[in-house]
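Here is a short report on how two chains meet and on what lies inside them. Look over the model first.

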Amino acid sequence: MSAPGSPTGLVAHALVDRAGLLLAADPALASLNARAGGDIGAAVAVPQLATVARLARRLDIPVSRGVTVADEDADLELWVRAEPDGDAVRLAVSGWRETPAWRPATAVGSGMDAAFRWEADPSARLTFVTLEGAMAVGLDAAGLLGQPLTSLLVPEDAGPLADALAGRRAFSDRPARLRGSGRGVWLSAVVHRDGAGAFIGWRGTVRLADTAPAPTEPALPATFTGGLDRALRAPLTRIVANADSMSAAADGPIPPAYADYAADIAGAGRHLLALIDDLVDLQAIERPDFALAVERIDLADVARRAAGLLGVRASERGVTVERPNAGVAVSASGDFRRALQVVVNLLGNAIRYSPPGGTVMLAARVEGARALVTVVDEGPGIAPADQARIFEKFGRVDPGEEGGNGLGLYIARRLARAMGGDLTVESAPGAGARFTLALGPAPDGRA
Amino acid sequence: MSVDSIHDATLRAADARARADARLLGAIDDLFLPDDARLTERTRLMVVRLLHDTIGAIEAELRQRAARLLTATGAVAAAGALLSGPGAVARLTAAGLLRDEACVEALVARVRHREIADALPVAREGPEEMSLLVRLAAVPDRVVASAARALLAADSAEAAVLPATVRQRLIWAVAAAIRPATADMATDRAIAEAAARSLSVDGEDEGLDGAAMRLAAAIDARREELTPLLLEALGDRRLALFVAVLAQAAGLDYAQAEAMVLEPEGERLWLLLRAVALDRPTIARIALALSDADPRRDIEAFAERLDMIAAVDPARALAALTPDTLVPAFRHAIRALARTERM
């Protein structure tokens, strides 16, 4: 698993000649081109790549562009850089991710309850401040532009904010005081990247501390989440269905931009449906009396079923999942449905962050008194500083990440602990990630 | 049926007939509107919002100031009438007074400018961490630094400022629109005085164009500095600075250069870029960035013509732009005449 949301690290190169023929290509590009019906020595068969290469050759300057390429059943998002080199054009293709699920607008981005919004460049100097809002809290906003973020406010705990700024990471609700008035505020920001994923600054908000920080514990009665589920599921399903048929232009031709909007609406609807599932789970696991009926289950069987459920997604991404052999059994005490939910979540993440052509190892074994399922991926890994955060509620390494809602791993760990076990991660940047679900031995003591 | 109600029904029928006719004319206009003249929904929405916000701000200012003046002289009832009158936007729209060429031109330019600036691909040249304007705001040259800070602030302002000439026309139009039908001499005087005050403070906000032109003049880029400055301004998404640097180099005013930069065809922009002697790779990079930001542009057609464009002699390019460099009133008159003769 990688830092969530970041594209895979793979950069594939290719060389295209003056006539648009593919002279050479790295394996990932060669196979993408072959699946589109092309070959080395023939014209580039992926139209979007051919277009970028031709444009770079005709303009005779480097051209960088994000493109979406249909690859068998899935759409791939690629970042293509084409650079003229004599008579030929060199292609460098990065990104390599499936067209992401609809991306939720982060609270930071809209900042409805923010006193003001700001943007900063990579040197953490302010390039934009909403002037009216800043003046309303007594700041000379225009005078702050071009100044370091820290000339605006004094952090209450300088360490974490300085770390986030130095590490070019997002941060949320860091306590601080405005310079001058000394008013308490909460400072949040998301990371702003260009199409190629390069860091270009932060976009953030400042909220007055008198407006309490977002509540950390939901105070939702079961009737509320239950009602939410019933009230929202049917209309959302309908919105998704209608938006899908609009996007497919089922009722006649519409401008492509509107078809795209409709596809966004459908994606947003699916995201909300998944969120409702998670909120219902969240409401259940956060009740003080939450307990799971623990029985004897076979973790190897759980792992094989999870691999079966996600087999299509894995093959779309070109990821191989190695699962426990059919004969293997690993007894543990747990709740079958919930254990399967945890492993599906872990495996889904591992597939999402694996490079195309990568392998995810799914293994079950007994170690001492515990039964373990491990999910090991070849993604870019998770920095030590982020390893605790990914298990927090709404905790994400990059809040701008598409898909997901920051609840999956939080719920998975709570479920593991409710079964008397635990969920842990070991990872280093660049070295993949290993998630381990550990459960107690089967109730009758047999392993 | 009484005579009154028959009369009423007849009037209503006539009214309905007139509205049906207006709808038909509107449908004909809509059907035969060329695609490239049609605003996108988003642009239309933003233009309408900018127009309403601008008029709303002027209206609130005039009503309150005039009401204060009236209250000070004891005319409390007149002040109350002024504060509660019907909105100026609806009245001016119905009267057709907002179908003003200069006003619509400025509104659309402001909105398109913002759309394109926001969509420009960010490109950082080299390892520099500080962005262009932040760096310029910190240089020792105080004229440059203060202009850079003013541009940072103008770019942060949420409401775009329309050109002074357009605002002046709008101020008087709004003054007329808020004037109650029963206005007495004191009310007229109060409104006129309030409008005069709005006009006099209006020159104080130089706006995005003013700040950008001040910075471009302060930098006063030499020929060899022009290419990196223009490319970095685009890469930092400071479209106003890009326009101003071009205008400064070619001796145009901001609005003229902006019109050329915003046009999707780009024909006048290519001439302008050649007039300031930019080379082929620079013109190609500018065209690529603008086409990435503006889906109306055709980069393939541009690539087709790039060699020809790059070969145009700078002096000839400048000469070809002469009609665009004339004083605005003369240009508008030429345009109006050409339009009538085309019909």
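The model is predicted.

**Interface**

Chain B and chain A bury about 2400 Å² between them. Carbon and sulfur atoms account for 54% of that area. The table gives the counts for this contact.

| Item | Value |
|---|---|
| Residues from chain B | 28 residues |
| Residues from chain A | 32 residues |
| Salt bridges between chain B and chain A | 4 salt bridges |
| Polar contacts, both residues at pLDDT 80 or more | 8 residue pairs |

A salt bridge joins the side chains of Arg58(A) and Glu300(B), at 2.7 Å from N to O. On the side of chain B that touches chain A, α7 (142-156), α15 (280-293) and α16 (299-310) each supply at least two residues. The most comes from α15(B), with 7 residues. By type, this side of chain B has 13 nonpolar, 3 polar and 12 charged residues.

**Cores**

The largest nonpolar core has 121 residues. Leu59(A), Trp118(A), Phe171(A) and Trp202(A) have the most contacts inside it. Helix α12 (residues 239-250) of chain B gives this core its largest share, 10 residues.

**A buried glutamate**

Glu59(B) sits in helix α2 (residues 41-72) of chain B. Is Glu59(B) buried or exposed? Its relative accessible area is 11%, under the 20% cut-off, so Glu59(B) counts as buried. Leaving aside residues up to four places away in sequence, Glu59(B) touches Pro86(B), Gly87(B), Ala88(B), Val89(B), Val174(B) and Ile178(B).

Key: Residues numbered from 1 in each chain as written. Chains lettered and ligands numbered in written order. Predicted model: local features only at pLDDT ≥ 70, side-chain atom pairs only at ≥ 80, totals over all residues. Heavy atoms only, no water. Core = buried A, V, L, I, M, F, W, Y, C linked by side-chain atoms within 4.5 Å. Buried < 20%, exposed > 50% of the residue type's maximum accessible area, 1.4 Å probe, protein only. Helix = DSSP H or I, 4+ residues; strand = E, 2+ residues; numbered from the N terminus. Contact = heavy atoms within 4.5 Å. Buried area = accessible area lost by both parts, 1.4 Å probe. Polar contact = N/O pair within 3.5 Å; in protein donor to acceptor, adjacent residues only side chain to side chain. Nonpolar A, V, L, I, M, F, W, Y, C, P; charged D, E, K, R; others polar.
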